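Colleague: I have a model open on my screen and would like to learn how to read it. Could you take me through it, one feature at a time?

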Amino acid sequence: MSRVFGTPRRPAYMVTRTDRLGRPISLDRREPEGNSVLFTGAPGMGKSLELDRAQAFAQRNGWIAVRVDASPREPLENRFVRAVSEDLGGLRKQHGYFALRKLKKTLRDLTQRSRSEQRGAELRFGVAPVQAVVKKQWEAPGKDGVGSTLNQLAGNLGELAAKKGQPVMLMVDNLDVASDRDLAALTELSAHLERQGQRVYLVGAGGEMAATRLMAASGGMSGVATGVTGRFDVRECGPLSADELRPSVTEPLRRAGIPYQPEAVEQLLKSANGNPSRLRDLSETALEFARPPYGITADVAKAATARVNDQARVFYQAAWNSCSPAEKDLLAKVAVRGPRGLAMQGETQAAGPGKWQEVDAARQGLVARGMVRDSGSRLSLADPGLQDWVQTRVGQSAAHAGVALPGTPGPAITPAPGQHVPGRVTSTRQVGNTTFRVNG
């Protein structure tokens, strides 16, 4: 049962993503037209899966493919050097010993340069022989400027592959945690590849703010003109429609001979809200509840949704705790409005002079973490389970303050013996920056 839907990185049914013009966005059929491609999207939308497809395509065709994950602790340049060094055996088999001489020399030089770029300081306190020693070590920028290591390595790999008439793919995942210096190095590499005209492709994956961060880093650190959107082919891994996602549930069930009710599938799709990762969790949980000969029924889908939401409560709490006060306030306002969402223009106008920037920063933070979706005019919660959780949390908090959510009954009032209870009067009350309706 556990393999009916495959695995997150090897799904049983592969959804073909398309852009606004209906063209597939995956790099699993042909080389990209430009040198740099950036997959963006919220967590769980399949960005890493797109890198998997590109990597598999390169390997099937015998191309050089080097893939690393960005890290907040180690520069990308070091990670690429190490990844290529570890793959020298495979490169030697493919291209021959003598063809690798220049690349191996470059790797030695880059490794020595990286070691020489370590900086440190030492402070000693006290008088010998009793002394306290404090040492600090850090990475220093390379002497040849940001991105020089990546440029040199990409050039060598490009020359090596060109001898066989083949391209090279350099892939970077998890750009959300990359340092500004790493992002600046990538924008420099992108410009370098465009100037050189080699068949070397840079393929990255990051969150919805990845392109914005790349532009900011390139302008602020590398001196490269902020033409990121012009050089990078940005391919969005956004929410998928019900029609796109439906076969990823029905086809594996059909192949496994597991019956299902169409209304049950529709309920799972509604609960997933376009997120393929959440749909997988819901579908696999539904299989646990399914019983022959009925399979996945509407009741099973309902129970699966309840369990997934309940299991996610700890993650919802952690996400809430990581929010700033302004983000919590905006998240609550979006949640209480339900699926129709919140009109962002009205929210920024209501914030008033000097405050709309704080509201917009909160919007960007929530969108970057995949908690909120921005359609351009309205904000809505990406996860229906999170929406219910926030509504409950805000409702409880409001109830403690004598406040009712819009459209919900006010707190019950029990009169003391002989006490007169007047008719209900509706007014408004502020909790933080959020306005609620008070009944009573």
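Colleague: Let me begin with open spaces: how much space lies in the largest pocket?

Modeller: Bear in mind that this is a predicted model. In it, the largest pocket holds about 1,000 Å³ of space.

Colleague: Which residues lie nearest the centre of that pocket?

Modeller: Look for Thr18, Asp19, Ile25, Arg235 and Glu236, which lie nearest the centre among the 30 residues of the lining. Two elements each give two or more residues to this lining: β7 (232-236) and β9 (372-374). The largest share, four residues, comes from β7.

Colleague: And how do the lining residues divide into nonpolar, polar and charged?

Modeller: For the largest pocket, the count is 16 charged, nine nonpolar and five polar.

Colleague: How should I read the core, and which of its residues touch the most other members?

Modeller: The general idea is that in soluble globular proteins, nonpolar side chains tend to be buried together. Here the largest nonpolar core has 40 residues, and Leu103, Leu153, Leu157, Leu170 and Val172 touch the most other members. A second, separate core has 25 residues, including Ala312, Leu386, Trp389 and Val394.

Colleague: What is valine 172 in contact with, beyond its neighbours in sequence?

Modeller: Leaving aside neighbours within four places in sequence, valine 172 contacts Leu51, Val68, Ala70, Leu76, Phe80, Leu186, Leu202, Val203, Gly204 and Ala205.

Colleague: Next along is aspartate 173. Is aspartate 173 buried or exposed, and why?

Modeller: Aspartate 173 counts as buried because its relative accessible area is 8%, and the cut-off for buried is under 20%. This residue is found in strand β5 (residues 168-173).

Colleague: With which side chain does the side chain of aspartate 173 make a polar contact?

Modeller: That partner is the side chain of arginine 67, at 3.5 Å. Beyond four places in sequence, the contacts of aspartate 173 are Ser48, Leu51, Arg67, Val68, Asp69, Ala70 and Ala205.

Methods. Residues are numbered from 1 along each chain as its sequence is written. This is a predicted model: local features need pLDDT of at least 70, side-chain atom pairs count only at pLDDT 80 or more; totals for chains, interfaces and linings use all residues. Side-chain values use heavy atoms; hydrogens and water are left out. A nonpolar core is a set of buried Ala, Val, Leu, Ile, Met, Phe, Trp, Tyr and Cys residues joined through side-chain atoms within 4.5 Å. Buried means under 20% relative accessible area, exposed over 50%, partly exposed in between (1.4 Å probe, protein chains only). Contact means heavy atoms within 4.5 Å. A polar contact is a pair of N or O atoms within 3.5 Å; within protein, one must be able to donate a hydrogen and the other to accept it, and residues adjacent in sequence count only if both atoms are side-chain atoms. On a 1 Å grid over the protein atoms alone, a cavity is a set of points where a 1.4 Å probe fits but cannot get out, and a pocket is an open set with protein on both sides within 12 Å along at least five of seven lines; lining residues have an atom within 4 Å of a point. Grid points are joined across faces, edges and corners, and a volume is the space filled by probe spheres set on the points. Ala, Val, Leu, Ile, Met, Phe, Trp, Tyr, Cys and Pro count as nonpolar, Asp, Glu, Lys and Arg as charged, and the others, Gly among them, as polar.
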